[in-house]
Amino acid sequence: MPKNQYIDPKSVRKPGMIEFRPVPVNQYNRTIKEERTRYSDDDLMRIYHDMRMIREFETMLNLIKIRGEYNGIAYNHPGPAHLSIGQEAAAVGMAYTLSVDDFIFGSHRSHGEILAKGLSAIHQLNDEQLSQIMRSHFNGATLRPVATDHKGSVKSLAVKFLLYGTLAEIFARKTGFNKGLGGSMHAFFTPFGVYPNNAIVGGSGDIAVGAALFKKVNRKKGIVVANIGDASMACGPVWEGISFATMDQFSELWDGDMKGGLPLIINIMNNQYGMGGQTCGETMGYGIAARIGAGVNEDQMHAERVDGYNPLAVIDAYVRKRKLIEEKRGPVLLDVLTYRYSGHSPSDASSYRSKEEVEAWEAADSIAWFGQELINEGIASEEVLQKVDEEITSIVSWALKLAIDDEVSPHMDMKNQPDLIGEMMFSNESIDRLEDRAPEVNHPMEENPRVKQLASKERFAFDVQGKPHSKIKNYVVRDGIFEAIIDRFYKDPTLIAYGEENRDWGGAFAVYRGLTEALPYHRLFNSPISEAAIVGTAIGYAMCGGRVVPEIMYCDFLGRAGDEVFNQLPKWQAMSGNVLKMPVVLRVSVGSKYGAQHSQDWTALAAHIPGLKVVFPVTPYDAKGLMNSALQGTDPVIFFESQRVYDMGELFHEEGVPEGYYEIPIGEPDVKRRGNDVTILSIGATLYRALEAADILSEKYNLSAEIIDARSLVPFNYQTVIDSVRKTGRIVVTGDASTRGSFLRELASTITELAFDYLDAPPVVVGSRNWITPAYELEEYFFPQASWIVDAIHQRILPLNGHQSSIDFSESAQLERNARGI
């Protein structure tokens, strides 16, 4: 899209060949003897210790799952346990050189990575730093059981803290790292640089990219590692995340110190299997996963296969790849070859692979091999290694006993606090800026051409005589959204925005016109057409401490980001035990005129998912006020916008849309017109059809309709609606969503429960037909019209003298349509 990037047909049409460089495979060949100059004896012993710690921890969990007992300690753990027995060298090698400023993201099989990164952090941090981290985490709730009766150093206490916090989390104890709400597949501990592990295969593939984007844009130290399995290379979020991470613009268009690639390593923990499918030879076609990097960019992502059964080979790769990242030549793809002895989970009998195969890998076991090498080099004796093993078994047994002790490690008290988890769904904080520094902008806001233009616009649609202003003079809905967003860009230095057409074009619907002039590339840019990555990277960016406004061009494209919107964005605040915040405002445009795949209202899908706030303003005043509130908060907000009303002026707020800052509380419906005979509650652009219906009722039937604009779907304060129904005794709920399964039905159902005694008739829902959305020329037969609302009132609530209906809302019609599924 940038005009300075000229695509010359003469150049691109020339014949030629694409040449690929060789991809290194298992090239590390140094012995421990040769590495003695790089590693002290203590270093090598620490590598052995950390691998054995992970092995024993995972073995303990395996025995608990299959036998209900470990080392004489009985426990029944009904939850999941996806184990990484056999993968210890890959995990320890990955974590060995990483600092607490380096973030790792993982998968459902990441206990070992948590421990490896945590043990590495403990080694690097001093006693004061460790003590502060342990004391401050949940005000010492995780530390207190560990510190009781502890005798020894701060570092040995920290190791206990790591083991206990992880295990208590796996066992859903409130003393766990995430209060037991993350569990086995989502446990993490950010003070050690361990960021969320993800139960969805490939789920970290785009989230980790967002974390790397946060580090780059905000000039933070460290790199980001996405630990994903080989089978996840078939998953959309991984491919979309890689596409996003390797965008040319990072090197071609971003300026100054922002120029260059993301500080990211895609670390494939290649254990050869995905569930029961063998990725090499059966379910995938790459043969060697490192091959994937060759086709992504000219650097081939510096892809390499590394022998993950040798921790020193993995460490060596990380040292080399980090240099590339420090030269801003990232991202990097590493294919770390390893193997899991256990099945997908303890219930998996591994019937899909032979006993001979498992035994062959066990014979090459990395821990046994490394231990023997230590003995061969005179670094340790068998007795020394045996003592290490015994100490590890002892501390793992200690951690298990403590984690299952209901007195010191209780579950959350849901009996006495039944709404406790509900109270953790939203953070509900109000923060102007997430970092205290000057935002990077191209000019003062008052010099922005669009800001200047808006200063001369009419902020109320009518003049003092009640005549409408011309369209070109009106301050409209898109202006309200723009004004709130540009204001926040000049307040919050962490704020970025991106989507498929955000820069240069000014957004598909001109909301961002003027932002390109105001902002450098790294704060406003175009993304690939990768909806999953657009949302997934926003999640990673936000959980690391930034504020972000991603955009989905059409509501219908939410399906392309389904996991990110419905399974990731809403859950991480609560699953983290409120460690994380999620200041993401996802702009979603609800279309029309473009047919079945570009004109759907899917508000009900978003409203159905706990953990999302959902708003749908359709007036300039509401759009600006609600966007301000969304951007002031720390919760994920799905901000629906209707393409029908981007050009609509302010019809209701007679003082006009304020030029200054103001907020409208999310969750508060608004009475747009007072009335006494019937209430019409609308969602989205149907507000304007409801007003037309109210005019018909008044002019033809002498009925006064009270019009309420929902404005928000989640949360929703019903009191305004109940007060109206108490007065009118009748209500119609209307919106552009297809009626079946819509939020309109949710509103009607709840109103029936809460206002039953005040209703003269059941609430009536007037939504769109349960069809595909037809072409523009036929939309009046699909979307609710003013006449439909009048018809519904006539047939279901209050007969209107002389009225002739065009739409059948009778019980028989409803029965017949439902029976046919339409």
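Modeller: Gladly. Two strands pair if DSSP finds at least two bridges between them, and strands themselves are DSSP runs (E, at least two residues; helices are H or I, at least four), numbered from the N terminus. This is a predicted model, where local features need pLDDT of at least 70, side-chain atom pairs count only at pLDDT 80 or more, and totals for chains, interfaces and linings use all residues. Residues are numbered from 1 along each chain as its sequence is written, and side-chain values use heavy atoms, with hydrogens and water left out.

Colleague: What makes strand 3 and strand 4 a pair?

Modeller: Two bridges join strand 3 (residues 103-106) to strand 4, and the two run parallel. The cut-off is at least two bridges, so they pair. Within strand 4, Asn197 is opposite Gly106.

Colleague: Why do strand 4 and strand 9 count as edges?

Modeller: The open sheet has six strands in the order 4-3-5-6-10-9, with parallel pairing. Strand 4 (194-197) and strand 9 (304-307) each have a single partner strand, so one side of each has no neighbour in the sheet. From one strand to the next, the twist averages 20°.

Colleague: Why is Ile772 called exposed?

Modeller: Its relative accessibility is 63%. Exposed means over 50% (buried is under 20%, partly exposed in between; 1.4 Å probe, protein chains only), so Ile772 qualifies. Ile772 sits in the loop between strand 22 (764-768) and helix 26 (786-797).

Colleague: How is the protein divided into domains?

Modeller: Into domain 1 (35-407), domain 2 (445-642) and domain 3 (670-820), with bounds from an automatic or database domain assignment. The C-alpha centres of domain 1 and domain 3 are 54 Å apart.

Terms used. Axes are lines fitted to C-alpha atoms, for helices over the stretch in contact, and angles run from 0 to 180 degrees between N-to-C directions.
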